[in-house]
Amino acid sequence: MRLTVFGATGGIGREIVGQALTAGHEVTAVVRDPARFTLPGAGPGTTGLAQSPRLTLFRAGLSDPEPLREAVAGRDAVLSGLGARKLSDAGIVTRLTRSVLAAMEAEGTRRLLVVSAGPLAGAPTGEPLLDRALSAVVSTVLKKLYADLRVMEADLAASATDWTSVRPPRLLDKPLTGVYRTAVGRNPRSARTIGRADVAHAMLSMVNDPRTVKQPVGVAY
């Protein structure tokens with residue numbers, strides 16, 4: 001497949017790129033600063049990228065959708081690892097995703113998968129009291145960031161894209177396992193953590209899964 005990845009310098013984005021290349025896909029990684037881009041296990045900048053001829057680094061900011069049209073034109077899917085790095089970044093995910101949506105709609109590119117957050121779904125039926133309490137605390141602390149994600153998801157629902165919103169709980173930096181739970185339209189029960197590498201794995205596995213189109217999907221260990 002021909003894939004475009006936004007947020008390619010972030011923890012999930014770089015995992016998407018690395019796993020997609022390993023699987024034999026052609027990948028365009030959209031970055032503001034190519035010097036900050038690494039593949040998992042690679043050095044900084046372009047070190048080791050000569051061994052990945054199917055990788056293209058596309059340098060662009062995300063404030064203007066027009067330059068992004070080239071990056072998404074003719075792609076089988078677009079995957080976004082865009083996310084806020086700190087509380088003061090509230091609003092940034094919606095702004096950047098709107099540029100991606102505008103570029104995709106201008107080019108007629110349909111498939112889009114993005115990273116959201118598990119707490120947006122609320123507690124599933126039968127959730128243990130401890131998990132409900134933990135979710136409530138996290139939702140209060142990160143209220144502004146989750147409000148941003150809710151607006152982003154509303155924009156997805158109003159768009160012409162075949163979107164999937166992947167909702168992980170607390171993210172960990174740990175090696176890929178390929179073993180996790182998914183739940184279409186809800187969260188798995190007692191969803192507490194998942195590694196960034198496994199979120200990337202889940203997103204790639206959902207690209208051609210019709211059950212996930214126009215749906216939020218909870219993922220967790």
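Tutor: Happy to! Let's begin with Gly18, which counts as buried because its relative accessibility is 15% (buried means under 20% relative accessible area, exposed over 50%, partly exposed in between, with a 1.4 Å probe and protein chains only). A word on the source: this is a predicted model, where local features need pLDDT of at least 70, side-chain atom pairs count only at pLDDT 80 or more, and totals for chains, interfaces and linings use all residues. Residues are numbered from 1 along each chain as its sequence is written, and side-chain values use heavy atoms, leaving out hydrogens and water.

Student: Where is Gly18 placed?

Tutor: Gly18 lies in helix H1 (helices are DSSP runs of H or I with at least four residues, strands are E runs of at least two, numbered from the N terminus).

Student: And what is Gly18 in contact with, leaving aside its neighbours within four places in sequence?

Tutor: Leu39 and Pro40, where contact means heavy atoms within 4.5 Å.

Student: Switching to helices: at what angle do the axes of H1 and H6 cross?

Tutor: Roughly 55°, and the axes of H1 (residues 11-22) and H6 (residues 196-206) come within 8 Å. That makes H1 oblique to H6; angles under 35 degrees count as roughly parallel, over 145 as roughly antiparallel, 65 to 115 as roughly perpendicular and the rest as oblique. The axes are lines fitted to C-alpha atoms, for helices over the stretch in contact, and angles run from 0 to 180 degrees between N-to-C directions.

Student: Which residues make the contact?

Tutor: H1 gives Gly11, Ile12, Glu15, Ile16, Gln19 and Ala20, while H6 gives Arg196, Ala197, Val199, Ala200, His201, Met203 and Leu204.

Student: Is H6 enclosed or open, and why?

Tutor: H6 is largely enclosed by the rest of the structure, because 8 of its 11 residues are buried. Among them are Asp198, Ala202 and Met206.

Student: What about the largest nonpolar core, how many residues has it?

Tutor: 30 residues, and those with the most contacts inside it are Ile16, Val17, Phe37, Leu79 and Met203. A nonpolar core is a set of buried Ala, Val, Leu, Ile, Met, Phe, Trp, Tyr and Cys residues joined through side-chain atoms within 4.5 Å. H6 supplies the largest share of this core, 6 residues.

Student: Which residues does Met203 touch?

Tutor: Not counting residues up to four places away in sequence, Met203 touches Ile12, Ile16, Leu79, Ser80, Leu113, Val114, Val115 and Val166.
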